[in-house]
Amino acid sequence: VDLFRMNCELLATCTALGYLEGDTYHKEADCLESVKDLIRYLRHEDDTRDVRQQLGAGQIVQNDLLPIIIQHGQDKALFDACIRLMVNLTQPAMLCFGKVPDDPVFRHHFLQVTSHLQACKEAFASEAVFGMLSETLYTLLQLDWEQRQEEDNLLIERILLLVRNVLHVPADPCEEKKVDDDASIHDRLLWAIHMSGFDDLIKFLASAQSEQQWSMHVLEIISLMFRDQTPEALVSAGQARTAEEKHRDTQELEALREKELAAKRSRTLQRGTRHSRFGGSYVVQGLKSIGDKDVIYHRNVHNFKNYTHDMGKAVRRVPKRNRQARECKDKRRSALNVRLFLREFCVDFLENCYNRLMYLVKESLIREQTQQHDETYYLWALSFFMAFNRGNGFRADLVSETMSIRAFHYIERNITNYYEMMLTDRKEATSWSRRMHLALKAYQELLLTVNEMDRSQDESIRQSCSVIKSNIFYLMEYREIFLTLLRKYDETRQPHSYLKDLVESTHLFLRMLERYCKGRNSLMVQKKRVRRKKSRGQKKPSAAETSPEALAETWKVVEEELKLSESLTESIVPFDATSDTPLEEQRTDAMVRVQDALLIRLGPEALALLRAAREVWPEGDVFGSADVEPEEELELLKQILHANLPTELEEEELQSVQVFEKEFNFLDFIKRFSNPSVVRPYLLLLKSYSKNTPHTNHCIARMLHRLAVDLKMDAQLFQLSVFNVFNKILSDPAAAAYKELVTFAKFVLNRFFSLAAQNNKAYVELLFWKNVGAVREMTEGYGKDGEGKKPTWTEEEEEELRNLYEEHRHSEVPDIVETLLPLLSDSTRTRRQVVTQLVRMGLVDSAKELKKQKKGTQIVLWTEEQEEELQMLYEEYKDSDDVLGNIMKKHTAKRSRARVVDKLLSMGLVSERRELYKKRSRSARGTSSGKGMTEDEFLEGLTQGFTDDPGDRDDEDEEDDESEEREVEEEQERETSQNGGRSSQSLRSTVERRPDVGAMVYALQQEGMSEPLLWLQSCLNRTAIDREQDGFSQDVPLVPLKEANEEAMDNKSFLRLLRKLGLRAPANEQETFWRIPAKISVSQLRGAAAALSPREEEPKGGEEQDGSRSPTGESQETEVVSGEQRAQALRALLLTRKRKHHSSDTLQQPAGIQSKTVKSEKFGPKKSYICNSANIRG
């Protein structure tokens, strides 16, 4: 009933508008109010858009609204209301329903609205309609900005929106059935726009500085005008065909003729010489049927080559999610007069409007002043007009706005965003895929324009092109975008045309990159390495909460509350049963929860939590003994309140991107394309070789040629699906048109059959895609390449490991892996190898069970016995040279050095940390005069005082080179902060902890790194000379220019030598190279350079030994040689100091550089140690 009443009201309202008599429209007196009523009805329509459908069925736009604006346009109020109503009625159906409905009922309504819009579009294809719109818009644009009212701006915007809505209406191919060169409804609409002069107004709005607010509307209208066009078709409009086009058409016709003749010959062979109604029955030998007998074939023998076991079976339905993505509708060629008009429009637009309009649109997009997805219009305009400019006599100045690195960056960012959204928003994956294709086309056009600039006759244009190419080849994002897109290609979401553009763009980029590399000896490019590390945030209470006064006040309140409280909180669980953290490792968290409860003055809850934790973790009496007294519980709570406990928050993964430079090798870059995930898209495109353009087939063949010939990875193409495509190409009657593909297919097949004669498993390998490792095994032999494989465990070693594990698994050792390592017969086994083997053998479920326990979490509080032991050890060793070191060795409770130092300070045994520093040996102190340089300091100057902690070697097998570098740098900073610069250690400590630099140099020399060592030595000497001449010091980077030096900078042993010599690794992401620190003096630089001198033989001390000498003898020999070297070096320093005093007394001038030649068996027969006495400090 409501619907019927609504229809009656609509009918009455439409009748009150007026009526059309012949070509004259007579409006009613209340026409304006009726139009406003229709606007009001549209505002309250339901989800089926019933009002819109009824008005469309009544043809209200064609019969009433358009005649009103044409014949009664002078009535401004009525004209404005009609324009406003038509903007609403012509709104796209996609905006009305949000998306194409899945429900059949709503889809029917969607199609009804679309059909009504198509009927409206045909009515708008009139010069009278656009003549009135053009006249009104021209009048409004003539007004100055000060004279223009708000209603005028609204009318301008509504006219632009109306034209945009009409142009947006899709064509109906079933109704129009137009062929190429015939005028469709869209062509008639464009011609009406041209004849009315509306296109000139569009160009004015695009170029006028005072009308920049309409830039987005103008770009939308232009993109919809050229919706069915291609730049190539417009460029060639009205021009004679070139010789290349004629040759291409001739080839296509010849290929079609060859196919037709081949089909005719096939039909002739299938016909027998005489007629026979009986086709015959044949037994196919060797082809088994369902049973054990051969197949019986009941058809004509000529059709047997098409026989398969699937004949007669129902075709398997492909699921919707696995179907190939649909192609967008094909482009059509408009009528010639329309193409000529559009061609002229493009020329004028490029010369007068393009750069300004694209700049305004880009700024609006960056500032997010546009609607969602408006960037697609920008991407389309960029690709379309730049392609037209290339074909129509290329001029770089016409597209200068979009020819920049900013454009490359903007498009690359959009491609990445579209791909991510295509994965996450699966319901709209098709729309995101189309946007991604549009962005790819824009990126391809940028590359084509850069390539065109490279061939320009203007030197300034070629220089600009060189700058752009150097940027896009240098940055990793632009260099690897095509490799990423090929790997991520998904045929179910991305159409065939997308793959075609991607392959052609990749071909163009590789060709430009190859040409760019050939003209240069070396090319440095940027690389990025993502470091992932897990950090635990620590709760840091405020200073007010942790001050002694605040803690004392808190304890008073909590103590009184506990004495007065009679009941405790029940059912408190001191651990998290759902956490992945093992129960034993949650003990520290329980202690922290007790402290937090005390800090917020919840005494009963803290006491209940303490007692619950005591029941869960009774071992060690960490939370008190089972028979603890109430007074002892209060004292334990007080200790927990005053303890410095770290609170570990949720663990999160942090990423740091390290940027560094690397010399680019084009062949290494091509190797990254040698991957099945990259080859598969090329094969998919090759399957449609007969439909591809010759250029597309050439791009495919060139990439496969790079892999098979340049990289010698032809075995990667030994795959059954590839051979199936090759078979179709070779048997194609029009194979003469695909000479390049035929030649390549024959080459690959010949290589395969040559390999199959040597490898009898080659035919089985055809079933699988192969990576680089599988290709090497297939061509060179299986199991030959054993390098890089993990060490194997024999049965005896596995049995030994099993017995040792069963023996010690129930022992109370803190780390069972550390217990097993020295007991294994093979001493070269690392912790990681043992843990991996235990998991593989099933002795443990996961490697997490064998994870190293962190120091300091086993015991949180100090017991009374431990404090007494610590006090006794301090009294015993307080006069020794290394107080803290001796205490750490003798103390039974294993604590960290920081915890021990804090406890000594809190107990009042020492007043400051400096008292616990290691003292110098007396012999070293006696030889120093207060201003000279001690022996330890000179030897530390040779290695810059960087020592290795033996405890750090346990983690060497667990961490990579980067983590090791971070640990060494942190250790250096910690030593510097504690010791106030350079640490001074005893002679015994130096002998024990300083590695032998000479042994490291000899080891590197044996590895073939003599050239990098000489390069490092020259860098040190050159830096010393520069610092001596300039008089000041600054960090000097080590830049490896040769390939051997660059490889050495990636060698772990070589980097360890750099650290021993005092060189500094890159501090952060902004630094790329190692540096010689400014704090290293000239004398230390020359001493380090002298230590790098090449040796003829391995250093020996005393008697000659064979290669089977024991490690003990080797260390003793090193100590003897090192001791002799130190003594000689000390004598050289003393002599230098005497000369300094003598020269200062006689000449009365600053000491110069003195040299002393010292004989050293360690560093060769004779070496000069050059010391700058002005830089020596005591």
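1. A nonpolar core is a set of buried Ala, Val, Leu, Ile, Met, Phe, Trp, Tyr and Cys residues joined through side-chain atoms within 4.5 Å. In this predicted model, the largest such core holds 182 residues, and Phe 198, Ile 222, Phe 226, Phe 385 and Phe 408 are the members that touch the most others. In soluble globular proteins, nonpolar side chains tend to be buried together.

2. Leaving aside residues up to four places away in sequence, Ile 222 touches Ile 202, Phe 345, Phe 349, Leu 357, Trp 380 and Phe 385.

3. Helix α13 spans residues 215-225, and eleven of its eleven residues are buried, so the helix is largely enclosed by the rest of the structure. The buried residues include Met 216, Val 218, Leu 219, Ile 221 and Ile 222, and also Ser 215, His 217, Glu 220 and Ser 223. The cover over the buried residues of α13 includes α9 (150-168), α11 (185-196) and α12 (198-207), together with α16 (336-352), α17 (354-366) and α18 (375-391).

4. On the α2 side the contact involves Leu 38, Tyr 41 and Leu 42, which meet Val 51, Arg 52 and Leu 55 of α3. By class, this contact of α2 with α3 has five nonpolar residues, no polar residues and one charged residue.

5. The second pair is α41 (residues 883-890) and α42 (residues 897-906), which pack at an angle of about 110 degrees with axes 11 Å apart. Since 65 to 115 degrees counts as roughly perpendicular, α41 and α42 are therefore roughly perpendicular to each other. Leu 884, Ile 887 and Met 888 of α41 make the contact with Arg 897, Val 900, Val 901 and Leu 904 of α42. The residues of this contact divide into six nonpolar, no polar and one charged.

6. A remark on confidence is in order. The chain has a mean pLDDT of 78, and 78% of its residues reach 70 or more. Residues 1-5 have pLDDT below 50, and beyond near neighbours in sequence this stretch has two contacts in the model. Residues 784-788 also have pLDDT below 50, with one contact beyond near neighbours in sequence.

Notes
Residues are numbered from 1 along each chain as its sequence is written. This is a predicted model: local features need pLDDT of at least 70, side-chain atom pairs count only at pLDDT 80 or more; totals for chains, interfaces and linings use all residues. Side-chain values use heavy atoms; hydrogens and water are left out. Axes are lines fitted to C-alpha atoms, for helices over the stretch in contact, and angles run from 0 to 180 degrees between N-to-C directions. Helices (H or I, at least four residues) and strands (E, at least two) are DSSP runs, numbered from the N terminus. Angles under 35 degrees count as roughly parallel, over 145 as roughly antiparallel, 65 to 115 as roughly perpendicular and the rest as oblique. Contact means heavy atoms within 4.5 Å. Ala, Val, Leu, Ile, Met, Phe, Trp, Tyr, Cys and Pro count as nonpolar, Asp, Glu, Lys and Arg as charged, and the others, Gly among them, as polar. Buried means under 20% relative accessible area, exposed over 50%, partly exposed in between (1.4 Å probe, protein chains only). pLDDT is the predictor's confidence in each residue, from 0 to 100.
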